[in-house]
Amino acid sequence: MNRVKPIKFLIMMSLCLAGLILASVFIGPARIPMNDIFEERFFDILKLRILRTILAVAAGAGLSLSGVALQAILRNPLAEPYILGVSSGAGLGAVMGLLLLPISGAVSVIAFIGGLITIMVVYLLARVDKRILPENLIIAGILVNALFSGLLMFFVSNSSSAKIHSVIWWLLGNLQVYSPGQVLIAGAVVSAGSFVVFILSKELNAISLGEEEALHLGVDIEKIKAALILAVTLITSVIVSMCGIIGFVGLMVPHIARRLVGPDHRILVPASILTGGVFILSCDIFARTIMAPRELPVGVITTLLGVPFFIYVLKKSGKAYFK
Amino acid sequence: MKKIVTYVFIYVLFAASACFAGEEYRIVSLAPNATEILFSLDLGDSIVGVDEYSNFPEEAREIQKVGSFDKPNMEMITLLRPDIILVNTDLEKDKADYLGRLGARVIKISPKSVEGLCRDIESLGSVLGRETEAGFLAQDMRQRIRRISEDNGGKTRPKVFLQLFDDPLVTGSSFMGDIIDLAGGDNIARDVKDDAGIFSMEMLIDRNPDIILVMGFSDKAGFPGSINAVRNNRIYKDLNPDVFLRPGPRTIEAIERLDRIFHE
């Protein structure tokens, strides 16, 4: 697959995203006749669609961005936003919220805290001699993931059937939010995180070459890694606590973007943000219209559409799978 | 001497049968609704094991627990040597075959309608020698339903939405849809055609229910204000999910409660 001119690609993707945002607001299972346009009902539906669209873009952008940053920091092509255990930590938090502390509005907050605590544990486990080695981080992530999945299974297997259903439904996740406040939080965290990752994209380039090389280039690796991990953790925790676990986006989008615009993070970061938004938004339009009035969890579509597309891109590019 | 031996033999036989009189069957119930049905057929004493969700009536809590409906503990069931096993979902084939080899008959009670429930109760009654009790239970249910539908003859049917979970928004039709129908309501999520499915919030606004029923815990309170049910403050939250979601003897209570809600 030929690389596209970066600027051209970014402009194309921005237009694509703008078009999809409009489509997402005006396409939906409920058809509103034009003479109803000033009814309160119409505004309620429009409001839901706008909130959902913003959250979808934030989630797509945030997950893809986290994927890019983690693939560089960990120097591992399999890295994705959930690799350090945020998803299992947030999942465990949500389960405990649903089972032990059923207070309105508390579940997402507990899930968010669960995600943060998990990364803190992983970070401390991976820290040896005041350094964070990428391999240690991955192994610590796998260990904590395993432990928390085990605990999650324990809670699920010891709760009533109605509550098990709640937990499963919660984990499936959903992009529909009802309050502008939540969307505001998600938007703010993802924007701030994107900003941090973007201004550190030069350092990301250095780190992805290897830590020795980065040191020679005068980069304070440990500080930068800590800042990036914090940004990525906040983004992913917020997204998981609001949308559940949306699979595959954070792994696939960075790879596709890398094929298209090359490995320079100054271009790769914005390219991934845009591609992530475009991808998840198209998936969500599918997910909520294809079986209307039922909805499919968006994670189902991201995986079912994403895997074949990813295979196509990998095969067509004909290079090594990670470059 | 021979005579005495015969008498003693017969006496022992009678004594033994008297001992087991309270235990015509050894039943394992892997479904809370089946447990409730057994108790109302006066077969509570024959239940030797129940699933962990069987919590009604109070006596059911005392019975040996043998795992959940989807993960029954086969070792414990083997030890209990049941001859009848009641389930509400299909067991995996290897488990069902194994229980068959143990000599147990597996009966599934998973009605999709209230009439189906009545028939399930009757056929269970005839299998377990409780035709009279089962017939009475089913007839009582049918009669009370007929009375409700006669009362509601000319009345308008309110549009009803049932919320099983809030985020994602989950609803169901199937058995619950039938309960809503029989109580004189109109389930707006009829086309979900399943016990549970994720439902689009904007379709909820579009179809505009007059009444919203909230089952169990709800984390978010987010129904938009343009919905009739919100405007008229007709969102009902104090409904016991066990009564509403289990096809069993308490189903009629659920229907009567809904009838009062729909036509107050």
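Predicted model: local features only at pLDDT ≥ 70, side-chain atom pairs only at ≥ 80, totals over all residues.
**A walk through two chains**

Let us begin with helix α6 of chain B, residues 131–151. Residues are numbered from 1 along each chain as its sequence is written, and chains are lettered from A and ligands numbered from 1 in the order in which they are written.

Which residues of α6(B) are buried? They are Ala134(B), Leu137(B), Ala138(B), Ile145(B) and Ile148(B). A residue counts as buried if 20 or more other C-beta atoms lie within 10 Å of its own, as exposed if 12 or fewer do, and as partly exposed in between, with C-beta atoms placed from the backbone. Seen down the axis of α6(B), the buried residues fall within an arc of 90°, so they line one face of the helix; the arc is that of the directions from the helix axis to the C-beta atoms. The face turned away carries exposed residues, among them Gln139(B), Arg146(B) and Glu150(B). The cover over the buried residues includes α2, α5, α7 and α11 of chain B, where contact means C-beta atoms within 7 Å.

Asp181(B) is buried because 20 other C-beta atoms lie within 10 Å. Its C-alpha atom is separated by 9.6 Å from that of Ser149(B), 32 residues apart along the chain.

Now turn to chain A and its own helix α7, residues 180–199. Buried residues here include Gln182(A), Val189(A) and Gly193(A). Seen down the axis, the buried residues of α7(A) fall within an arc of 130°, so they line one face of the helix. On the other side, Gly181(A), Leu184(A), Ala188(A), Phe195(A) and Ile199(A) are exposed. The buried residues of α7(A) pack against α2, α8, α10 and α12 of chain A.

Finally, where do the chains meet? The contact takes 30 residues from chain A and 28 residues from chain B. On the side of chain A that touches chain B, the elements giving two or more residues are α2 (40–73) and α6 (161–172) of chain A.

Conventions
Contact = placed C-beta atoms within 7 Å. Helix = DSSP H or I, 4+ residues; strand = E, 2+ residues; numbered from the N terminus. Expected span 1.5 Å × (residues − 1).
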